[in-house]
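Hi,

Here is the structure I promised to pass on to you. Please have a look at it first, and then read my notes below.

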Amino acid sequence: MKTKISALHIPHNKNTASMNAVAISAPAEVLLPMNMHGGAPAVPVVAVGDYVRVGQMIAKEEGRNSVPVHATISGTVTAVEEMKISGATTTVIRIAGDGKMEKDPTLAPKNPENLDEFLTILRDSGIVGLGGAAFPLWAKLDAARKNHIKTVLVNGAECEPYITSDHRTMVENADLVVRGVQILKKFLDSEEFVIGIEDNKPDAIAKLKELFKDMPYVNVKPLKAVYPQGAKQVLLYNAAGLVAKEGQRLASLGVIIINVTTLAKMALYLDTGMPLVDKIVTVDGAAIAEPKNLIVPIGTPIQNLVDECGGLKGDVGKIIIGGPMMGKTTDSLESPVIKACNALLVFDEASSKALEPSACIHCGRCVEACPLNLNPTAYSKAMEIEDEELRYQILTEENVSMCMACGCCAYVCPAHKPLVTTNNQAKSFVRKMKAAKEPKKEGAK
Amino acid sequence: MKAFSMSPAPHIHSGASTSRVMLDVVIALLPASVAAVAIFGIKALWIILACVIGAVVSEALFNMCTGRKQTIGDMSAVVTGLLLALNLSTNVPLWQCVVGAAFAIIVVKCLFGGLGCNFANPAITARVFMLITFSAVAGGSTELYSGATPLELLGTEGAAIPGMGAMFLGTYGGAIGETSSVALLIGFAYLLVRKVISWHIPVVFIGTVFVLTFIAGGANFALYQILAGGLFIGAIFMATDYVTSPITKKGKVIFAVGCGVITFIVRYFCAYPEGVSFSILIMNLFVPIIERFSRNIPLGGGK
């Protein structure tokens with residue numbers, strides 16, 4: 001069945017698209033939270049006073065879906081402490097830098113022989129999905145043990161406005177993208193690689209097309225520059241013509257989606273032994289004096305990024321970590337850059353004003369805008385129903401759990417309803433009800 | 001230094017607003033309003049003003065008396081008042097216009113919880129209320145174009161009916177805003193360009209009436225039927241009311257077919273010469289059940 005996926009034309013604001021990423025000057029301190037990935041937090045293996053070098057493991061993975069954390073600057077561990085970062089308390093390791101950025105001398109290229117070795121080694125890299133999900137890469141690729149991965153979708157869509165971090169990776173580190181494809185080809189033996197890139201990045205498309213021209217199994221595919229082109233289901237359909245059923249794992253379709261920067265970091269790790277220690281971060285927004293793309297050690301306080309970009313200008317409204325559609329606000333310039341952070345936006349006061357919500361007029365724009373064909377206004381109405389059973393029934397009938405919080409509904413809503421917020425509340429309500437309904441598992445209380 | 005504001009995503013907005021949507025509807029109704037005054041004279045203007053002012057003041061007073069947030073800024077009362085006016089004939093005294101507008105706003109909208117909560121279209125319900133209470137609503141008579149509506153004439157043996165050209169321009173008896181098909185079509189085009197409404201309800205509604213009357217009486221009869229009796233204003237401006245029509249495209253099509261069939265039945269088989277208001281009002285009641293069976297299938301979801 002031919003499906004039309006709704007998408008929005010949102011002003012791209014890719015002001016930094018042609019700006020080479022420049023390395024930030026070595027920060028005086030970094031804060032490395034232990035929960036920068038999807039699974040259980042990592043466990044510190046260093047103590048206060050230890051001298052650490054760039055790339056040295058300072059926290060070990062703990063259980064499934066977890067990855068280690070590495071020192072991102074050279075210097076001395078000054079604290080291993082509990083800290084509240086964006087609402088959640090987590091353990092952080094503070095390192096006072098010595099400004100030398102000295103590399104761990106034991107780092108060496110990796111030469112895994114087979115898939116098992118490859119995955120084990122990859123776990124030590126600390127690499128997580130850098131498109132935003134922060135799910136450990138090794139755990140994602142682990143699915144390849146059970147399912148043959150026929151198609152690898154490389155996500156270079158970068159559909160969020162402002163952000164050009166993946167774009168710069170594709171232009172400046174195209175060789176690593178090629179290496180990444182070669183490595184995955186070797187270990188996954190996939191038939192097809194599709195690199196999906198929005199057509200507002202013609203230089204990246206041209207460059208990769210040129211580099212991949214002798215690899216017939218690689219398809220560099222220009223995609224329409226619409227939001228949310230890079231979302232899992234949207235990319236899956238637009239780049240590979242496939243649809244995953246609700247709750248279905250992509251691997252069972254013979255597909256994995258891997259962000260292009262994640263792929264490049266993976267190649268870098270295998271070829272040099274350098275784990276995930278830095279990132280290209282787009283710094284932009286009306287309150288940033290000189291927008292830039294910066295290469296930033298993970299854990300760098302965002303204050304350093306702001307300083308590197310000429311500081312703040314005008315009336316400052318809000319700080320967003322990530323893009324304007326899905327990013328999270330923070331109220332502190334002390335907040336560190338985490339692994340999944342690809343942009344820092346500082347908006348001026350005028351563009352930070354909260355819109356006053358009014359009554360839903362049932363116009364259907366949210367329904368029209370939803371890439372997954374969901375019904376956001378029905379969720380927000382259902383959340384007002386007192387009878388929990390009825391509320392649960394309506395929400396599940398209307399498939400609320402599929403919502404990916406892309407923000408399209410709230411973006412178009414003329415009544416300025418906080419639809420993403422109500423969608424999220426509805427999703428967690430359904431999760432809670434489902435858990436309560438399920439028969440208690442053995443041993444579970 | 002002042003604190004940075006915290007808020008959930010998304011952090012940008014398209015700029016769309018309820019008042020802008022309503023303003024677009026008002027703009028789309030301007031050609032029909034101008035045509036009303038041109039065809040029916042200055043009395044049409046007084047009717048428009050009476051209804052619009054009546055509607056806005058009713059809402060303002062209701063909000064004041066009940067201690068609610070003032071909502072007249074969303075412009076929806078202007079739309080309701082204007083639509084009601086365009087559905088009345090010049091026979092209607094101004095005090096009745098004000099009563100009708102107040103009924104639309106207070107009884108049909110505000111008492112159900114305000115904008116977005118009413119299940120029936122306020123302007124249509126008020127029109128039907130006035131039709132029943134005051135009787136003379138539709139049949140127009142002015143110095144220029146007086147007398148019965150074409151649909152009334154069609155039911156009268158041997159009566160001379162207006163020609164097709166007059167039907168298109170609107171130079172015949174009827175409610176002040178319903179007669180000029182060309183003015184209403186200009187408004188329709190504007191609403192489509194501004195993406196305020198989609199084509200589904202108007203086209204399917206009018207199309208259904210056309211097909212049924214074509215089967216019943218041939219091409220000429222069908223063309224006459226769609227141009228006459230408030231079908232255009234009903235299909236373009238009243239049946240498409242967001243609040244009282246289904247949200248999905250599938251639902252809109254079902255709703256519009258229902259409107260068309262009921263319009264045909266009322267006009268063809270019932271005592272009332274006019275069926276558009278009744279059809280929309282009846283279909284308004286079916287919206288919840290239509291919505292239940294016209295849900296979109298989510299991408300990768302469903303059965």
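How many positive and negative side chains does chain A have, and how far apart do the centres of the two sets lie? Chain A has 49 positive and 50 negative side chains, with the two centres 4 Å apart. Here Lys and Arg count as positive and Asp and Glu as negative, while His and the chain ends are not counted; each charge is placed at NZ of Lys, CZ of Arg, CG of Asp or CD of Glu.

Before going on, a word on the basis. This is a predicted model, in which local features need pLDDT of at least 70 and side-chain atom pairs count only at pLDDT 80 or more, while totals for chains, interfaces and linings use all residues. Residues are numbered from 1 along each chain as its sequence is written, chains are lettered from A and ligands numbered from 1 in the order in which they are written, and side-chain values use heavy atoms, with hydrogens and water left out.

Now the overall picture. Chain A has 13 helices and 17 strands (DSSP runs numbered from the N terminus: H or I of at least four residues for helices, E of at least two for strands). Its radius of gyration, taken over C-alpha atoms, is 22 Å, close to the 22 Å from the globule rule for 445 residues, so chain A is as compact as a globular protein of that length. That rule is 2.2 Å times the number of residues to the power 0.38. Of the 445 residues, 56% are buried, meaning under 20% relative accessible area with a 1.4 Å probe, protein chains only.

On to the strands, which pair if DSSP finds at least two bridges between them. S3, S5 and S6 of chain A form an open antiparallel sheet in the order S3-S5-S6. Its edge strands are S3 (43-44) and S6 (69-70), each pairing on one side only. Two bridges link S3(A) to S5 (residues 57-60), and Pro44(A) stands opposite Ala59(A).

Elsewhere, S8 (residues 88-97) of chain A runs antiparallel to S2 (residues 29-33), joined by five bridges; Glu29(A) has Ala96(A) as its bridge partner. S8(A) is also antiparallel to S7 (residues 75-85), through ten bridges, with Glu82(A) partnering Thr91(A).

Lastly, do look at Tyr411(A) in helix H12 (residues 408-412). Tyr411(A) is buried, at 8% relative accessible area. Leaving out residues up to four places away in sequence, Tyr411(A) has contacts (heavy atoms within 4.5 Å) that include Met325(A), Pro10(B) and His13(B).

Best wishes

Methods
Buried means under 20% relative accessible area, exposed over 50%, partly exposed in between (1.4 Å probe, protein chains only).
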